[in-house]
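Dear colleague,

Please find below the structure that I am handing over to you. My notes on it follow.

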Amino acid sequence: MNKTFAVPRGTSDILPDAVPLWEELESKARKICKSYGYREIRTPVYEDVNLFKRSLGQTSDVVNKQLLELASAKEDEGYALRPEGTASIVRSYFENNFDKNEAISKFFYIGPMFRGERPQKGRLRQFHQIGVEVIVPGKSMSHRLDAEVLILCMHLLREFGVKEPKLKINSLGSKEDRNNISLWLREEFTKHKNELCVECQERFERNVFRVLDCKNEKCRKVVNSIVQDLPISEVSKEYFIGVQEALKEASIDFEIAPHLVRGLDYYTDTVFEITAGGGLGSQDAVGGGGQYDGLLHELGGDKRIEYGAIGFALGMERILLASEAEKPTLGIDVFLITFNCNDTRKEFKILNLLRQNGINADMNYLQASFKSQMNRANKLNARYVLILGEEEIKNNVIAVKDMQTGVQETVELKNIIEAIKDKLK
Ligand code: HAM
């Protein structure tokens, strides 16, 4: 017996019935991002593996366990499928001299990402993100830019119909703060090592921040007893207050989450995550992001100047699970009924004329009864049905049936295109 194939684990087909929903999400995203002054960028789905290793952090789960590397014939080449978009955007930013040509660069992207995770509901190996990145060379960031990015993020989720999106924000402080906090936390958690879950006992040496957002009850207890607020510097505190005020001015609801740290290593200062209800279950983060100023130096930025950078990414599969989006009812404009299947020359000519004139049209190529052709027209949600029977051919006319009202009329064959165009106006 021939082997049948299935989609790889953790991936899925987006079937024709579902594609209109995806198209709608993408077109809303494009429209809204452009209205905030962001421009679309498209980067390859695979990159030099070291780009990800260097930017996402050797200690992050994404690099440690989830990078999908491509086998290469050449020894000095190593590629991996992109697990996220930020690193690629920063690579492209320098490679294409945006730093020299733009005082501020605002990008958005839509596309598939790949992580070798253990698949479950809302967690896939190939998933899709809508993301934005803002990069400012030569000066530090304005807290209003953080606010802009957050306002855009919530605007998108509202337009997508995501139910009860909850925005949580935190500040990790500067790079120096991060290092100090890391030392302090490691010291504190060492005293309570045996009370932590097995995974945290192992990972707190590698990346102590991840203990803060561990969901295990035992870890939550230890974390709550030690960390009320992250001890960040005055400058970072003031900046974070500025972000909060700008959000309040824009009437964006948020919650301060002192244990929110995010899973990628490149963040400093503002970090955030949005969770939602709906059908998400345990994988309830529809999006997340934050500031990553330091990554710009990591990936080739001029050490003599400072950079500001912030962005987020939203998971499209999770948005669809969490939204009330209904499948748009799409249909075709015209279905053409054929009678003489041995000679459909006339019908085929009309069909092509309709299509050349921008009218969505189709017909049956196989012999079928009138009834089954009408069923097909209904299934395709056709607005009009054209009927070209013997009588009509003899009189150089064609019958046009309005599928919504059921009214049928006769139109001269030579006027059919104009007549349909008029009706569709
Ligand atoms: P992230 O939190 O790793 O951040 O991913 C963002 C969103 O992508 C998640 O909140 C989730 O909705 C979705 N997502 C992530 N992994 C999966 C998965 N395995 N299956 C389904 N959905 C998933 C980033 O990727 C950062 N690059 C965001 C960013 C942009 N930070 C700054 N700029």
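**Cysteines**

Across the whole structure, a search finds 0 disulfides, a disulfide being a pair of cysteine sulfur atoms within 2.5 Å. Cys33 is in none, and the nearest cysteine sulfur, that of Cys153, is 9.9 Å away. Cys33 counts as buried because its relative accessibility is 0%; buried means under 20% relative accessible area, exposed over 50%, and partly exposed in between, with a 1.4 Å probe and protein chains only. For Cys214, the closest cysteine sulfur is in Cys200 at 3.7 Å, which is too far for a bond. Cys214, at 9% relative accessibility, is buried.

**Basis of the model**

The model is predicted: local features need pLDDT of at least 70, side-chain atom pairs count only at pLDDT 80 or more, and totals for chains, interfaces and linings use all residues. Residues are numbered from 1 along each chain as its sequence is written, and side-chain values use heavy atoms, leaving out hydrogens and water.

**Strand E14**

Strands here are DSSP runs of at least two residues, numbered from the N terminus. In strand E14 (residues 384–387), Tyr384 and Leu386 point one way and Val385 and Ile387 the other, and all are buried. Strands pair if DSSP finds at least two bridges between them. Strand E12 (residues 334–337) runs parallel to E14, joined by 4 bridges, and Phe335 stands opposite Val385. Strand E15 (residues 397–402) runs antiparallel to E14, also with 4 bridges; there Lys401 stands opposite Val385.

Yours sincerely
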